[in-house]
Amino acid sequence: MKSLIPFLYVALLFVSCSGNKQISSELNRYVDPFIGTTYTGHTFPGATYPLGMVQPGPQTGCIGWDYCAGYRYEDTMISGFSQNRLNGTGVPDMGDILIMPFSGKDTKNFQSTYRKDSEVANPGYYSVELVDNSVKVELTATSHVAMHRYQFEKENPAIYINFQNGMVGSENSYDNRVLDADIQKEDMYTITGYQRVKAWVERDLFYVIKLDKPIVAFEDAEDGREDKAPRKIIRLADEREVQIKVAFSMVSIEGAKKNLNLELEHWDFDTVRKEAENKWENYLSRIEIEGTDEQKINFYTALYHLLIQPNNVADVNGQYKNAKDSVSLSPFGIYYSTFSLWDTYRAAHPLYTILTPELLPDMVNSMLLHAECQGYLPIWTLWGKETHCMIGNHAVPVIVEACLKNFPGIDVEQAYHLIKKSLTVSHFKYDVEAYDRYGYFPFDIVEEESVSRTLEGAYDDYCAAQLAKKLGKGDDYDFFMKRSASYKKLFDNETGLMRGKDSNGKWRTPFSAFHLSHAGTAGGDYTEGNAWQYTWHVQQDIAGLTELMGGTDKMIMKLDSLFVIEQSTDQTGFVGDVTGLIGQYAHGNEPSHHVIYMYTLLGKNDRTAELVREVFDRFYLPKPDGLCGNDDCGQMSAWYIFSALGFYPVNPVSLEYVMGAPQIPRAQIKLKNGKVFTMIAHDLSKENKYVKSVQLNGRQIRDYKISYDDIMQGGTLEFLMTNER
């Protein structure tokens with residue numbers, strides 16, 4: 001991957017990774033939130049609380065795909081500090097309520113340059129010194145409350161607030177983002193308000209903004225714009241330090257006030273920061289690894305990114321707005337959203353089942369609540385609303401995995417009922433009548449992504465079949481297993497690839513195996529990819545795909561071709577997601593993530609070892625442009641964590657993990673059941689990247705697989721590494 005950062009910022013990276021940590025927490029110090037903040041990572045360096053509703057941070061831009069998270073490391077100007085973010089997505093949203101302090105000037109331009117070497121980002125904390133505005137800004141957070149601390153250097157301190165602000169795709173979207181707004185100054189310390197906003201989803205935002213110093217004046221900012229939501233200036237007395245708390249609710253102003261009063265009644269910024277750091281340390285310390293500082297920075301930053309979401313958007317009393325915009329009460333007091341399921345079912349959710357099992361029932365039950373309201377399981381939810389982004393019904397594998405792993409607190413019969421309904425009743429992007437009639441999605445009926453929808457739908461069917469089997473529903477098991485083989489109808493023997501087919505059974509003609517498809521811009525039969533990249537999307541039946549290919553040897557030859565065929569420019573429309581290329585393999589996009597591990601299943605673990613090492617060396621680097629693709633709500637990070645440990649969930653509902661090759665010498669997973677699972681890679685080095693043998697508790701593992709139970713029972717997984725293939 002070609003570096004996109006000017007030399008100056010590369011030089012300053014050493015400071016961001018080392019000199020600007022300023023905390024004593026043992027593992028927090030290895031987290032570098034600047035990783036992925038340029039190129040296509042779409043991460044951000046704001047203050048976060050694990051799974052929290054707010055993520056206050058610096059905003060250097062807010063319009064276009066590059067600013068999905070509102071920040072680019074190479075930018076030299078900060079426009080303010082907005083209160084929430086998405087982590088690593090490919091669509092912009094959030095960025096509510098931009099706040100910018102200033103002193104010593106009175107101008108219509110509130111942006112400011114900043115000292116790059118003053119910028120500090122740690123789990124739960126961010127700070128920077130604004131040069132033009134003569135202010136030091138510090139940010140921290142609780143789950144529902146963003147907290148700001150400003151130290152003004154000059155006279156006439158003031159605070160600019162832009163209520164129109166948000167991350168959007170275009171200038172026009174910015175102008176029309178706020179549909180309705182009402183703002184009130186309740187007293188000398190308090191501003192409350194409501195906004196109806198529309199970007200990726202349409203949602204309600206209620207807020208309370210409270211200052212620890214009195215508001216002298218609350219004025220309109222005169223900038224010539226006429227928007228639904230105003231821009232305001234708070235005038236202050238000659239204060240040198242001012243603190244602000246911003247509490248959010250999706251239900252009501254009263255809900256925002258309750259969130260504020262319960263979570264952050266005091267004004268001790270340092271205590272809030274320490275509590276956030278401690279919360280992060282608790283999660284990060286569930287895996288302790290040995291390795292170089294660079295390896296630890298990559299590993300713990302990945303773990304940090306994994307746990308920014310999903311986000312609990314319910315108020316402290318359990319109230320939330322459901323998919324139909326009605327106020328509901330969560331029976332378990334929490335309601336998770338920001339489910340990027342097309343991405344995260346692959347490795348992020350399987351990793352949650354190991355590292356944070358106490359969270360799983362609430363995550364699954366949040367999905368079931370969503371389905372009970374919407375009529376089908378979530379596809380990609382944000383603030384409780386359905387975006388319908390991407391394809392498939394990939395809440396299904398997440399829920400099935402949790403049920404097969406016997407997580408408590410889940411009504412398995414109800415879960416299965418909603419799974420079956422979601423897979424047998426048509427809904428947006430899911431024409432089940434066509435699917436059942438033809439046994440695949442024909443491209444003349446389903447005009448976009450027909451091949452990808454068939455392949456991913458087949459995997460969801462397989463997952464449903466496994467839960468039906470567990471519940472003794474034999475007819476349903478047979479039905480879903482039959483549909484799970486639908487991928488076979490799109491395998492073209494002539495090209496050895498998955499190819500679009502119309503309702504008359506005719507192949508897509510003309511056909512280019514290299515044409516990159518993208519729904520909405522380029523069209524085509526694949527989702528953010530081409531035939532070479534999607535042919536392998538048969539997680540449930542690699543043996544069946546191998547048979548279609550003509551046997552193991554031919555399967556390996558075809559797989560070898562994937563990684564060596566020259567990169568093609570046969571593309572139209574937006575293809576920014578197809579990144580991290582090795583030949584036609586695209587690590588920057590999730591459908592490829594299991595493919596490297598297919599070599600192990602074909603008896604070629606040495607090739608898996610080579611490719612895992614190449615991906616680590618090229619596509620996961622501890623610098624701002626170090627991620628080769630969108631982090632996608634932690635999925636890219638989850639791949640890294642699993643692969644560093646030496647195994648990966650190729651088929652999550654199989655409850656098995658396929659061996660790769662570990663990239664760190666030792667790791668201990670401190671399981672919530674009190675047991676410890678240890679991974680040791682003996683003789684691991686730059687040269688010794690191959691696995692000579694692997695043992696679990698002294699027993700030789702010959703099929704290169706371990707189970708979920710193997711991990712959760714504790715024990716020791718030992719790899720003997722070598723430089724010989």
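Visitor: Which side chain does Asp-625 meet in a salt bridge?

Guide: This is a predicted model, where local features need pLDDT of at least 70, side-chain atom pairs count only at pLDDT 80 or more, and totals for chains, interfaces and linings use all residues. Residues are numbered from 1 along each chain as its sequence is written, and side-chain values use heavy atoms, without hydrogens and water. A salt bridge is a side-chain nitrogen of Lys or Arg within 4 Å of a carboxyl oxygen of Asp or Glu. Asp-625 meets Lys-623, at 3.8 Å from N to O.

Visitor: Is Asp-625 buried or exposed?

Guide: Buried means under 20% relative accessible area, exposed over 50%, partly exposed in between (1.4 Å probe, protein chains only). Asp-625 is buried, at 1%. Lys-623 is partly exposed, at 25%.

Visitor: What is the N to O distance between Arg-725 and Asp-606?

Guide: It is 2.9 Å, in a salt bridge. Arg-725 follows β36 (715-722) and Asp-606 sits in helix α18 (residues 605-619), so the bridge ties parts 119 residues apart in sequence. Helices (H or I, at least four residues) and strands (E, at least two) are DSSP runs, numbered from the N terminus. Arg-725 is exposed, at 60% relative accessibility. Asp-606 is buried, at 15%.
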